[in-house]
Amino acid sequence: MSGIFDTDVENAWCPGCGNFPILDAVKKALERTGKAKHEIVLVSGIGQAAKLPHHVDVNVFNGLHGRALPAALAIKMANPSLTVLVTSGDGDIYGEGGNHFVHNIRRNPDIAVFVHDNQVYGLTKGQPSPTSDPGWAGSLQRSGVIAGPFPPLAAAIALGCGFVARGLASDVEFTADLMVRAIAHKGFALVDILQPCVTFNKKNTYQWYGKMVYKLPSDHDAADRARAFELSLEWEERIPIGVLYRSSDRPPFEELHPGVGDPPLHARETPPEAVRDILRKRLFTLSG
Amino acid sequence: MRVDVNIRVTGGAGQGVHTAGGILSRLAVAMGHHFHATQDYMSRIRGGRNSYAVRIREIPVRAGRAATDILLALDPGHLPHFLSSASPAGFAVCDIAATGPGPADRRVIVAPLKELAVAAGSPILGNMVGTGIVARALGIPPETVDRILAIEFKGDFLEKNRKAARLGAEWASVRVPGTYRLPEASFHPRMILSGNEALALGAVAGGCKFAVGYPMTPASSILLGLSADGPPLGLVFEQAEDEIAALNMAIGASYAGARAMVATSGGGFALMAEALSLAGMLEMPVVVALGMRPGPATGLPTRTGQEDLAFALSAGHGEFPRLVLSPGSVEEAYALAHHAMETAEAYQVPCILLTDQYLGDTVVDVDPGDLPVLPVNRRIVHGNDVPRDPNGRYLRYAVTGNGISPMAVPGEPGITVVVDSDEHTEDGHLTEDHAVRVRMVEKRMRKGEALAMEALPPLLSGPPDGDVLLVGFGSTKGVISEAREILAGGGIAAVAVHLRQVEPFPVRAMSEILDRYRSAFTVENNRAGQLARRIRAETGREVAGTIARFDGLPFTPEEVAGRVKERL
């Protein structure tokens, strides 16, 4: 397959990696938005998932581990006309960057966040991630994970995120559709994507997901927050995919922030007369 | 006539120490004089022992003084602590009745602060009764006091404050000595600014359009200044969830083309170290204001120190060029913040503005002409100025002679801007090619060499040759300069050297200066002599020693002069 968003950057993923179909889904979704390359910014942190932006021919900010969200927020604040997307892994967004995940859902910037959730640290070779199932034995917790898993969808719903969805890497069309809807949502949109790690996660495999997941029925009321929260906790017996929760009650951060807007920050000037006015205000005279 | 009066207002947090000190400072300016105010406060919201020292002279003042001439103790419990530093003719004003019989010290003038405050309308006006008493001791006409209060207060509160000050002045008329009466001089409009306010103004004047931070003493007032003065000029301010987010946000904004800055202290800067390295790798211009306080860890959170020089120079993993500026006065805080904005963008490097609690909280009156409005030269390329390779692509990291690549921003039609914290090729995509790696390291480091060519030279005051050099960086400038004058008065030809840039180090200029004088001492607020080590490492020259102070308080000129004399 070749498309307008392809790049010639050498790929470093394992054969069969769940990142490949996610990359296909991202490119499909971008094509469907009709945006030009220069209008889109892909932001990522560090990890195998975070390399995805290098394979999409758009603006790319590949920053530090865990720090994709602060950079994405600031890019959006500096120039709200840009379509800002984050693609990174579960360790990056939910672990190292957990604080930014919490507080950016509170802020609600118009950013779509795609989390490649493979429940394992792949690039560092097989340690448990924040979403690993308890008991799963990774290379640094040999007797099995003791901590309970971080529930990304439940946490997002609890924090007031207005678009909470779960995708499945192997279902490219379905996941691309979720991405398109996430991008269209005005505010922080989370798509947690179940992603097999063919090298290090022998439990949550393509086959396992095939058995566990089900698509939310068409009559699911995505406006029902309590029901969405209930669904977000389903995991042991079966796993729902689709848009669990959706609400447009909260305007995006950029619309509420008094300074953000047109013109973008790079085009704002610093006229000498305006500087003089600011200085003049500080002048101490006897008339006050 | 020479004027040099040092007033100290002390009290618990919440007693109006800051307000009284601010009013007395403005009264001095209204009388045509100049002042230097330093703040010493404890890490608490209410109570404790805070002090606000206002030194008044007939010439601009750039250092405090240890000996107190007039002490206004709003909390009588503070008397024993501060009386020990009273000057020979000095006196204290306090309301002993508040805590029962006080010390039978003839220097203490017992004043009914609380009683008069209640008479003026509220017991909280004790600070203004005291201000009225001190204003009377300084010989300031009541109408001048009324006028200044009208600038600071409004409505009913103004009337109460005026009444309190008047009752204080009337009470004082036959009770306080006239030792410290200020002669009238002609008034000139001045700017009244703290070091932190001036730094924020300089950044705004330097085109800063994105500022972000997490509150931390003593840098919070820089953030306050940016959030107050910036928005009228299009600056966007945001409080971050932590310092890690703050610097990553500033870098994100910089990528999108905004001049961006953060402000923090040592602990917050430690959290920013990884992002500082990111700015080095992505070649993103960004400014970090680092207001130092004593460490390690939480240390003395509201006091002063210069312990983070070595840290500022080395923070961030890997090798990358950076600019570290160290303003020595309120005027320099303004000028160097502007310079930081300009230079960070010109070289696409992170810049650290190294200041401290002493300079940040110091308030002085400055000549409006000393805060010039300088041009903002944006370097971002747009449209036809965006260079393209033969394939029509924009190369964010195009290898150039001086290492500086033309910087375009995302949103520019027809191109994409790709940046990566991994080692990258000219187009910004990650690579593990060792030859590319070497070229990129060389490219980044060449910017440092170019930056070094433009290093701001040290500033000298004193004779062209002499007995001893006193070398400092940052906030010690005014103190060292006055210490030099004291030594000169005692027949010692001393020269003050102020380093306003410590990285890239002005190697040649500093080496030449050191070679001209018999001996040199560094004067620094740290125990290890970090500046002395820096001078040795950069110039290969040894200084004779270091005058160190690390108790959390700033130097005073008499102290520095005395300690230099002991060492000669």
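Nine bridges tie strand 1 of chain B to strand 3 (residues 47–57) of chain B, and the two run antiparallel. Keep in mind that this is a predicted model, where local features need pLDDT of at least 70, side-chain atom pairs count only at pLDDT 80 or more, and totals for chains, interfaces and linings use all residues. Residues are numbered from 1 along each chain as its sequence is written, while chains are lettered from A and ligands numbered from 1 in the order in which they are written.

**Strand 1 of chain B**
- Strands here are DSSP runs of E with at least two residues, helices are runs of H or I with at least four, and both are numbered from the N terminus.
- Facing strand 3 of chain B, Gly11(B) sits opposite Asn50(B).
- Strand 1 of chain B also has four bridges to strand 4 (residues 68–73) of chain B, this time parallel, and there Val9(B) has Leu72(B) as its bridge partner.
- Strand 1 (residues 4–13) of chain B is mostly covered, with seven of its 10 residues buried (20 or more other C-beta atoms within 10 Å of a residue's own, with C-beta atoms placed from the backbone).

- Nine strands make up an open sheet with mixed pairing, in the order 9(A)-10(A)-7(A)-8(A)-4(A)-3(A)-1(A)-2(A)-15(B); strands pair if DSSP finds at least two bridges between them.
- Its edge strands, each pairing on one side only, are strand 9 (213–215) of chain A and strand 15 of chain B.
- The link between the chains is three bridges from strand 2 (residues 59–62) of chain A to strand 15 of chain B, running parallel.
- Asn62(A) stands opposite Asp420(B) in that strand 15 of chain B.

**Where the chains touch**
- On chain B, 66 residues are in contact with 48 residues of chain A (C-beta atoms, placed from the backbone, within 7 Å).
- Elements giving two or more residues to chain B's side include helix 1 (17–30), helix 5 (142–152), helix 10 (266–282) and strand 15 (418–420) of chain B.
- The top giver on that side is helix 9 of chain B, with nine residues.
- That side of chain B splits into 43 nonpolar, 11 polar and 12 charged residues; Asp, Glu, Lys and Arg count as charged, Ala, Val, Leu, Ile, Met, Phe, Trp, Tyr, Cys and Pro as nonpolar, and the others, Gly among them, as polar.

Note on methods:
Contact = placed C-beta atoms within 7 Å. Buried ≥ 20, exposed ≤ 12 C-beta atoms within 10 Å, placed from the backbone.
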